[in-house]
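Take a walk through this structure with the sequence at hand.

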Amino acid sequence: MSMPRHLRAAAALLFLSTAALAETPDLGRPATPEEIALWDISIGPDGAGLPPGNGTPQQGETVYTAKCLACHGEKGSGKPNDQLVGGLGTLTGDQTPVKTVGSFWPYATTLFDYVRRAMPFNAPRSLSNDEVYAVCAYILQLNGIISENAVMNAQTLAKVQMPNRDGFLPFSRQK
Amino acid sequence: MGRKRSAGDVPELAAGNGILDRRALLAAGASLAGAGAIAARPALGAGELSMEPWMTEPGAPFVGYGQPSRFEAKVVRTFASAPGTTGTGASRTPLQRLNGTITPNGLHFERHHSGIPDIDPDAHRLLIHGLVKRPLVFTLEALARYPMETRIAFVECGGNTGALYQKEPAQLDLQASHGLLSCAEWTGVRLALLLEEAGVEPQAQWLLAEGADAAGMSRSVPMKAVDEALVALYQNGERVRPSNGYPLRLLLPGDEGNMNVKWLRRIKVTAGPTMTKDETSKYTILLPSGKSLQFVFPLEAKSVITNPSPGLTLNGAGLYEISGLAWSGYGKISRVDVSADGGKSWAPAALQEPVLPKALTRFRMPWRWDGGPAVLQSRATDASGYVQPTRAALIAERGTKTFYHFNGIASWAIGEHGEVRHVYA
């Protein structure tokens with residue numbers, strides 16, 4: 001090796017310092033804010049991540065009739081797939097629970113998150129943000145949670161109080 | 001059945017109704033070899049040993065990727081898809097037709113929320129962002145250069161055995177009742193290492209894991225689960241199958257299957273849970289009070305007798321090996337007891353080594369069936385001291401309004417013709 005002495009010393013020092021830090025491969029590249037904005041589709045229960053846009057129950061009915069009704073039934077009544085409306089009061093006692101958006105879901109933000117990422121089943125990610133707000137508004141209105149005149153947007157949706165909001169207990173193991 | 005033994009040589013009964021000491025089969029060695037087979041024995045008759053046709057000509061050529069014998073065509077997953085869909089639902093592992101503890105990749109159970117995506121690994125990316133100092137994007141090529149770890153772990157759907165909450169015992173075979181359970185050797189990169197490179201902020205308590213399927217399946221994971229988490233690239237030595245998350249999946253040993261997000265595309269580090277659809281409207285345990293337990297992550301100790309089990313038949317009285325699986329999301333299985341009298345008396349089964357934490361453990365127990373009524377049960381205990389409850393005890397605590405995390409004891413009744421039925425005992 002014909003490396004000058006001062007370079008050898010520097011290389012040795014570099015080796016020692018990285019070894020002391022428990023070297024990791026560090027092969028990820030930095031993600032840009034634009035990339036993150038494109039990929040980050042999750043909505044927090046406080047509404048963090050809700051995009052611009054808005055929709056009303058009436059607008060939602062149009063979207064629902066065209067794109068949701070075939071699977072979820074007239075006015076969210078279910079059949080052949082999940083029931084979205086009703087079921088209030090069925091969670092207690094011996095009766096069969098009817099778990100719908102209205103009777104069971106604790107956060108309206110989850111509805112926006114899920115409709116936008118996964119619905120309609122045959123064409124997920126195809127609805128505009130306005131359409132997602134509108135469909136959410138329609139389902140919430142059918143459940144009697146918001147009025148016919150309510151407008152759902154990033155501010156109002158996050159404030160919706162769902163009937164089963166306090167229905168969940170964080171689990172901790174007794175043993 | 002086994003060779004006749006001399007009178008002084010009869011194995012000790014370890015529990016009622018023919019349960020023998022767990023060492024009986026091992027100690028007896030060759031004298032009992034083969035006695036455990038439950039499949040019907042072909043009648044032994046003169047002239048049976050003829051020249052085998054497969055010894056009279058060369059066999060088949062090589063193939064690039066091997067398949068099971070054509071005579072094993074019954075050993076397949078069974079599945080059902082939601083109305084109007086073809087790949088949205090679950091397929092179940094044929095536990096009653098397998099032995100050992102590792103599930104072959106083609107038989108690993110599946111639960112998909114919008115089919116199986118056909119992901120080009122060169123186009124797939126993993127994004128880590130949120131409460132981190134350096135948001136990072138990883139290619140598969142990059143991840144493949146990271147140090148890897150291998151561990152054997154079971155994956156069980158949180159809804160497995162949900163049918164046992166029903167008021168009457170469902171007449172399902174073992175695959176239908178318990179088949180959302182599999183176990184594989186997983187190899188991948190420790191998630192903790194990738195998070196360390198991204199630099200997790202102090203207020204981070206949770207992460208959101210998201211898949212690249214058409215449902216964008218997502219779950220919140222508490223930060224403490226990261227200790228054992230793998231970003232798995234390999235399943236039983238080969239790349240993870242598309243049906244199990246190709247090209248990479250999250251593996252959280254011991255936690256309910258739904259959290260082990262397949263086709264992993266994104267980890268968002270967060271302060272609190274995101275409250276996704278699957279951790280609120282699904283995978284919560286509705287109690288009789290109307291309140292629901294949420295964030296029930298590890299699966300409690302559980303066991304089931306796979307052989308004999310509903311769908312199989314015993315071929316006459318005699319000596320059998322009862323065999324089954326035990327597992328716990330809290331660690332190793334420390335003990336499995338077996339009963340042949342519906343839980344009146346128990347004896348400890350032999351545990352097949354190696355017994356690994358959060359992996360399936362095979363247990364075996366010799367049993368002499370006298371041809372009379374019998375109800376077989378198994379009861380697992382894990383290293384934390386937790387004992388698998390009876391169905392009655394579980395339901396007394398939890399009611400029957402839920403579908404999730406049933407881990408009660410299953411009871412198999414043996415009929416006079418050797419048929420096996422699911423009963424509540």
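Start with a pairing that crosses between chains. In this predicted model, strand 1 of chain A pairs with strand 7 of chain B, residues 136-139. The two strands are antiparallel, and two bridges join them. Find A:Pro30 to see one of the partners. Its bridge partner in strand 7 of chain B is B:Leu136.

Now stay within chain B. Strand 3, residues 78-81, and strand 4, residues 89-92, of chain B pair in the antiparallel sense. Four bridges connect them. Here B:Ser81 stands opposite B:Gly89 of strand 4. Strand 4 of chain B also pairs with strand 5 of chain B, residues 110-112. That pairing is antiparallel too, over three bridges. Look for B:Ala90, which faces B:Arg111 in strand 5 of chain B.

Next, turn to chain A and its helix 3, residues 57-67. Which residues of helix 3 of chain A are buried? They are A:Pro57, A:Gly60, A:Val63 and A:Tyr64. An α-helix has 3.6 residues a turn, so residues three or four places apart point the same way. What do the buried residues of helix 3 of chain A pack against? Their neighbours are strand 2 (54-55), helix 4 (69-72) and helix 6 (129-142) of chain A.

Helix 5 of chain A comes next. Of its 11 residues, 10 are buried, so helix 5 of chain A is largely enclosed by the rest of the structure. Among the buried ones are A:Leu111, A:Phe112, A:Tyr114 and A:Val115. Charged side chains are on the list as well, including A:Asp113, A:Arg116 and A:Arg117. The cover over these buried residues includes helix 6 and helix 7 (154-159) of chain A. Helix 5 (277-280) of chain B is also part of that cover.

That brings us to the contact between the chains. Chain A gives 39 residues to it, and chain B gives 45 residues. The largest share, five residues, comes from helix 5 of chain A. By type, this side of chain A divides into 24 nonpolar, eight polar and seven charged residues.

Conventions: Residues are numbered from 1 along each chain as its sequence is written. Chains are lettered from A and ligands numbered from 1 in the order in which they are written. This is a predicted model: local features need pLDDT of at least 70, side-chain atom pairs count only at pLDDT 80 or more; totals for chains, interfaces and linings use all residues. Two residues are in contact if their C-beta atoms, placed from the backbone, lie within 7 Å. Two strands pair if DSSP finds at least two bridges between them. A residue is buried if 20 or more other C-beta atoms lie within 10 Å of its own, exposed if 12 or fewer, and partly exposed in between; C-beta atoms are placed from the backbone.
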